[in-house]
Amino acid sequence: VSGEQIRQHVVRHIEQSMPWPRDTVRMEIQTPPDISGLAKHGLSFHVETVGTEEYVGEMTFLVRVSDGRQHRQTAVRGKMEIMRDIAVEDRTLERDEVLSVEDIKFKKKWVRNIDANLIDTAEQALGKRIMMTLKAGAELKASLLKAPVVVKKGKNVRINFERGGMIITTMGISEEDGLPDAVMRGRNISSNRIIYAKVLDPNTVKIEF
């Protein structure tokens, strides 16, 4: 059994098992040594992936060749790259700017690992604020983005006290920046007491009993 024959079985195994479209993958699969001592006819090949099955980066495959009476095993190593759409800045953005559609573009990039920190869809970044200044062309990463501030510190807000079907409203002042659907600290103007309420919109927070 030639090493090239074994290699082709590995390639077919990858193509049938990988989650990526074939035109977005390039691979370098090593050709193992030839295998001798088996009958020429009635051969069967079984290929299995060793370790991770992400099908990207360095990989090892175990090939078992059998003629029905005896078998041989050999390991085949390879490297795989996939093409991903990576979000990058279309212009230089300053810290705390909120991302819009015009700020994001995509470039294609060959990668040998799946970096969950990279942004590959516009929805992951739109409306988020940038935590540091990024120059045009810089790759967008999830670790650099935060939810936008809805209620700014020191802003007057309407405080809704809700219990069952009853709602009591009073006025307050935010003591810190408030994020979407997050609990923020504020102060009731009437009682001058500190309260903790959930942000509903730029003008309203809610306390639930």
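1. How many residues lie between S10 and S11 in the hairpin that they form, and which residue in the turn has a positive phi? In this predicted model, the hairpin of S10 and S11 has five residues between the two strands, and asparagine 192 in the turn has a positive phi of about 60°. The two strands, S10 with residues 183-188 and S11 with residues 194-201, pair in the antiparallel sense over five bridges, and methionine 184 stands opposite alanine 197 in S11.

2. S11 also takes part in a hairpin with S12, and here two residues lie between the strands. The pairing of S11 with S12 (residues 204-208) is antiparallel and runs over three bridges, with lysine 206 in S12 as the bridge partner of lysine 198.

3. The surface deserves a look at valine 183, which lies in strand S10 and counts as exposed because its relative accessibility is 59%, where exposed means over 50%. Together with Ile194 and Tyr196, Val183 forms a nonpolar patch on the surface, and the three have about 330 Å² of accessible area together.

4. Arginine 129, found in strand S6 (residues 129-130), counts as buried because its relative accessibility is 18%, which is under the 20% cut-off. The side chain of arginine 129 forms a salt bridge with aspartate 96, in which the closest N and O atoms are 3.0 Å apart. Since aspartate 96 lies in the loop between S4 and S5 while arginine 129 lies in S6, the pair ties together parts that are 33 residues apart in sequence. Aspartate 96, for its part, is partly exposed at 43% relative accessibility.

5. Leaving aside residues up to four places away in sequence, arginine 129 touches several others, among them Glu97, Val98, Leu144, Pro148 and Leu179.

6. The whole structure holds 13 salt bridges, and one of them joins aspartate 90 to lysine 105, with the closest N and O atoms 3.8 Å apart. Aspartate 90 sits in the loop between S4 (71-89) and S5 (104-111), whereas lysine 105 is in S5, 15 residues apart. Aspartate 90 is partly exposed at 39% relative accessibility, and lysine 105 is partly exposed at 41%.

7. Glutamate 139 and lysine 107 also meet through their side chains in a salt bridge of 3.7 Å, N to O. Glutamate 139 lies in the loop between S6 and S7 (145-146) and lysine 107 in S5, so this pair ties together parts 32 residues apart in sequence.

Note on methods: Residues are numbered from 1 along each chain as its sequence is written. This is a predicted model: local features need pLDDT of at least 70, side-chain atom pairs count only at pLDDT 80 or more; totals for chains, interfaces and linings use all residues. Side-chain values use heavy atoms; hydrogens and water are left out. Patches are made of residues with over 30% relative accessible area and no salt bridge: like charges are joined within 9 Å, nonpolar side chains (Val, Leu, Ile, Met, Phe, Trp, Tyr) within 5 Å. Accessible areas come from the Shrake-Rupley method with a 1.4 Å probe; for residues, only the protein chains shown count as cover. A salt bridge is a side-chain nitrogen of Lys or Arg within 4 Å of a carboxyl oxygen of Asp or Glu. Helices (H or I, at least four residues) and strands (E, at least two) are DSSP runs, numbered from the N terminus. Buried means under 20% relative accessible area, exposed over 50%, partly exposed in between (1.4 Å probe, protein chains only). Contact means heavy atoms within 4.5 Å. Two strands pair if DSSP finds at least two bridges between them.
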